[in-house]
Amino acid sequence: GYEFQSGGVVEMLEKLKDEFGKQKYDLDAEELSAKHAFEQMAQQLQDNTENAKHEISKKTALRGETQAAKAEMEGEKAQAEADRAEDQKYLDETTALCAQKTEDFNSRQKLRSDELDA
């Protein structure tokens, strides 16, 4: 009768099938792990980008508010300086007027005193 002589080849092929099956399983697990790590990193980078954009918009808004407040305060300062200059002018004029009236009063008093002595 005929004896099956390919037993060694079949056994070797089954052993290779088992090895390749194990390698495929290991590589699939490694790929899954790498994919998960990549997705985590991508999510972290996306979160960082969103946080940075949020901080930029907050700081831009704050800068706008600060510039508006600065402009308003500069306007108030200019008005206060103008008011002070006007008040100083009024004080100087009033002081000069008082000095003139004092001088006039003193000269009239002297004139009356001279008239009474005469």
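## Basis of the description

Helices (H or I, at least four residues) and strands (E, at least two) are taken here as DSSP runs, numbered from the N terminus. The model is a predicted one, in which local features need pLDDT of at least 70 and side-chain atom pairs count only at pLDDT 80 or more, while totals for chains, interfaces and linings use all residues. Residues are numbered from 1 along each chain as its sequence is written, and side-chain values use heavy atoms, with hydrogens and water left out.

## Overall form

The protein contains 1 helix and 0 strands, and the helix, α1, covers residues 7-117. Along its principal axes, the C-alpha trace spans about 180 × 15 × 10 Å. The radius of gyration, taken over C-alpha atoms, is 50 Å, whereas a compact globule of 118 residues would have a value near 13 Å; the globule rule behind that comparison is 2.2 Å times the number of residues to the power 0.38.

Ala42, which is placed in helix α1, is 20 residues along the chain from Lys22, and their C-alpha atoms are separated by 30 Å. Glu50, also in helix α1, is 23 residues from Leu27 in sequence and 34 Å from Leu27 in space, C-alpha to C-alpha. For Glu19 and Ala71, which are 52 residues apart in sequence, the corresponding C-alpha distance is 77 Å.

## Exposure and surface

Accessible areas come from the Shrake-Rupley method with a 1.4 Å probe, and for residues only the protein chains shown count as cover. The accessible surface of the protein comes to about 11,300 Å², of which carbon and sulfur atoms account for 57%. Residues are called buried under 20% relative accessible area, exposed over 50%, and partly exposed in between (1.4 Å probe, protein chains only); buried residues make up 0% of the 118 residues in the protein. With a relative accessible area of 35%, Ala42 is partly exposed, and Glu50 also counts as partly exposed, at 46% relative accessibility.

## Surface patches

Patches are made of residues with over 30% relative accessible area and no salt bridge, where like charges are joined within 9 Å and nonpolar side chains (Val, Leu, Ile, Met, Phe, Trp, Tyr) within 5 Å. A nonpolar surface patch of about 480 Å² is made by Val9, Met12, Leu13, Leu16 and Phe20. Of these residues, Val9 lies in helix α1 and counts as partly exposed because its relative accessibility is 47%.

A negative surface patch is formed by Glu11, Glu14, Asp18 and Glu19.

## Charges and salt bridges

Lys and Arg count as positive and Asp and Glu as negative, with His and the chain ends not counted, and the place of a charge is taken as NZ of Lys, CZ of Arg, CG of Asp or CD of Glu. A search of the whole structure finds 6 salt bridges, a salt bridge being a side-chain nitrogen of Lys or Arg within 4 Å of a carboxyl oxygen of Asp or Glu.

One of these salt bridges joins Lys24 and Asp28, with the closest N and O atoms 3.0 Å apart; both residues lie in helix α1, 4 residues apart, which is about one turn of the helix. Lys24 counts as exposed at 52% relative accessibility, whereas Asp28 counts as partly exposed at 36%. A salt bridge is also formed by Glu74 with Lys70, where the closest N and O atoms are 3.8 Å apart. Because Glu74 and Lys70 are 4 residues apart in helix α1, about one helical turn separates them; Glu74 is partly exposed at 46% relative accessibility, and Lys70 is exposed at 51%. Lys110 forms a salt bridge with Asp114, the closest N and O atoms lying 3.3 Å apart, and these two residues are separated by about one helical turn because they are 4 residues apart in helix α1. Lys110 is exposed, at 53% relative accessibility, while Asp114 is partly exposed, with a relative accessible area of 39%.
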